[in-house]
Amino acid sequence: MSSNKKLPDVIFIGPLKTATSYIYDYYLHHPNVATSEPVKELYYYDDHYEQGKEWYLNHFSVKPEHRVMIDVSPSYLIDDVALRRIKQDNPNAKIIMTLRDPMARFSSHVKHHIRHGFPYTGFDDLLAEHPRVIQGGQYESFVDQWIEEFGEDNVSILDYRELTQDSAAFMKKICEIIDVPFNADYDFEHKVNAAGTARSPLLMRYMHIVMRFLIRNGLSDVIDFVKRTGAKNLVFKEGTKFTISEEDLKKASKFYASSTKWYNDRFKLVG
């Protein structure tokens, strides 16, 4: 890859809570792959598009040994605007998504939502106030749009279960898809984004605002520095496990009925 003016060859579009952080970390340590640094999610095609192409590409440090450049952005799958912009700017990009059982993904996203300082007052309130938490599992509403725009041959859909069964084999499969050597030296048991609970929900929400501000203004190195100092331990604590009520699980199961059927049919699961 001769120029850092080239747009990413591969875009992992998510959704959230489907191993995108694990995938990013693997390729961050891959000798033949360029990723955004020092942060994973740039939110370029959804929130920061007005910053321009140069802003976007300045987050990628492309070296001669890099054969492939990737963007890992789990917010893109459910965003129609991001889809249109990627199609316009980078129509030949290879699109990869990792899908997870809708109910399992929902449960994980709710816990992620709570850990990062947001209240959970029930399924109905979540749907009304934070619909993106819900939409990430509505595959039948979004996946076919990406296939229609980029073509069946250029969209790879992976099953999250494969990662849980054999993480090395899962990553080897992705390496074959994007045509880079498999890096067997990676610590496949390495925990990425270990769970914790925000010590102060208000502080956590302010941190999100600050992080978006730093990314938007090209100050991602500040985020990296803060992470290296271990400040994360001051923000997160070991949390008690949150359990979604049976009533809300029933509501979610009913809401995701068509999504679950779509997922099961796609991966030929029984039930």
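In this predicted model, one aromatic cluster is formed by Phe12, Tyr22, Tyr26, Tyr27, Phe182, Tyr186 and Phe188. Aromatic pairs number 23 in the structure, and a pair of this kind is described by the distance of the ring centres together with the angle of the planes. For Tyr56 and Phe60, the ring centres are 5.4 Å apart and the planes stand at 85 degrees, which is over the 60 degrees required, so the pair counts as edge-to-face. Both partners fall under the 20% limit for burial: Tyr56 is buried because its relative accessible area is 0%, and Phe60 is buried because its relative accessibility is 4%.

A tilted arrangement is found for Phe106 and Tyr256, whose rings are 5.9 Å apart from centre to centre, with 55 degrees between the planes. This pair links distant parts of the chain, since Phe106 belongs to helix H4 (residues 102-115) whereas Tyr256 lies in the loop between helix H13 (246-255) and H14, the two residues being 150 residues apart. Phe106 and Tyr256 are both buried.

With regard to the overall architecture, the protein contains 14 helices and seven strands. Of its 271 residues, 47% are buried. Among contacts with a separation of 6 or more, 80% are accounted for by residues 24 or more positions apart.

Two packed helices are described by the angle between their axes and by the distance between those axes. Helix H7 (residues 139-150) packs with helix H14 (residues 257-266) at an angle of about 50 degrees, and the axes are 9 Å apart. On the side of H7, the contact is made by Tyr139, Glu140, Val143, Asp144 and Ile147, while H14 contributes Ser258, Ser259, Trp262, Tyr263 and Arg266. Sorted by class, the residues in the contact of H7 with H14 comprise five nonpolar, two polar and three charged.

Helix H4, which holds Phe106, also contains Arg105. Despite its charged side chain, Arg105 counts as buried, because its relative accessibility of 0% is under the 20% limit. When residues up to four places away in sequence are not counted, Arg105 touches Pro15, Leu16, Lys17 and Thr18, together with Arg100, Val133, Ile134, Gly136, Gly137, Tyr139 and Tyr256. The C-alpha atoms of Arg105 and Lys17 are separated by 6.1 Å, although the two residues are 88 residues apart along the chain.

Attention then turns to backbone geometry. Most residues other than glycine have a negative phi, and most peptide bonds are trans. Lys17, in the loop between S1 and H1, has a positive phi near 70 degrees. Pro15 is placed in the loop between strand S1 (10-14) and helix H1 (20-28), and the peptide bond leading from Gly14 to Pro15 is cis, with omega near 5 degrees. A cis peptide bond also joins Glu37 and Pro38, with omega at about 0 degrees, and Pro38 lies in the loop between S2 and H2.

The loop between S2 and H2 also holds Tyr43, for which phi is positive, near 55 degrees. Tyr43 is buried, because its relative accessible area of 16% is under 20%. Asp46 is likewise located in the loop between strand S2 (33-34) and helix H2 (53-57), and Asp46 counts as buried because its relative accessibility is 13%. With neighbours within four places in sequence left aside, the contacts of Asp46 are Ser75, Tyr76, Asp79, Ala82 and Arg85. The C-alpha atoms of Asp46 and Tyr76 are separated by 7.1 Å, the residues being 30 residues apart along the chain.

How values were computed:
Residues are numbered from 1 along each chain as its sequence is written. Side-chain values use heavy atoms; hydrogens and water are left out. Axes are lines fitted to C-alpha atoms, for helices over the stretch in contact, and angles run from 0 to 180 degrees between N-to-C directions. Helices (H or I, at least four residues) and strands (E, at least two) are DSSP runs, numbered from the N terminus. Contact means heavy atoms within 4.5 Å. Rings of Phe, Tyr and Trp (its six-membered ring) pair if their centres lie within 6.5 Å; planes under 30 degrees apart count as stacked, over 60 as edge-to-face and the rest as tilted. Buried means under 20% relative accessible area, exposed over 50%, partly exposed in between (1.4 Å probe, protein chains only).
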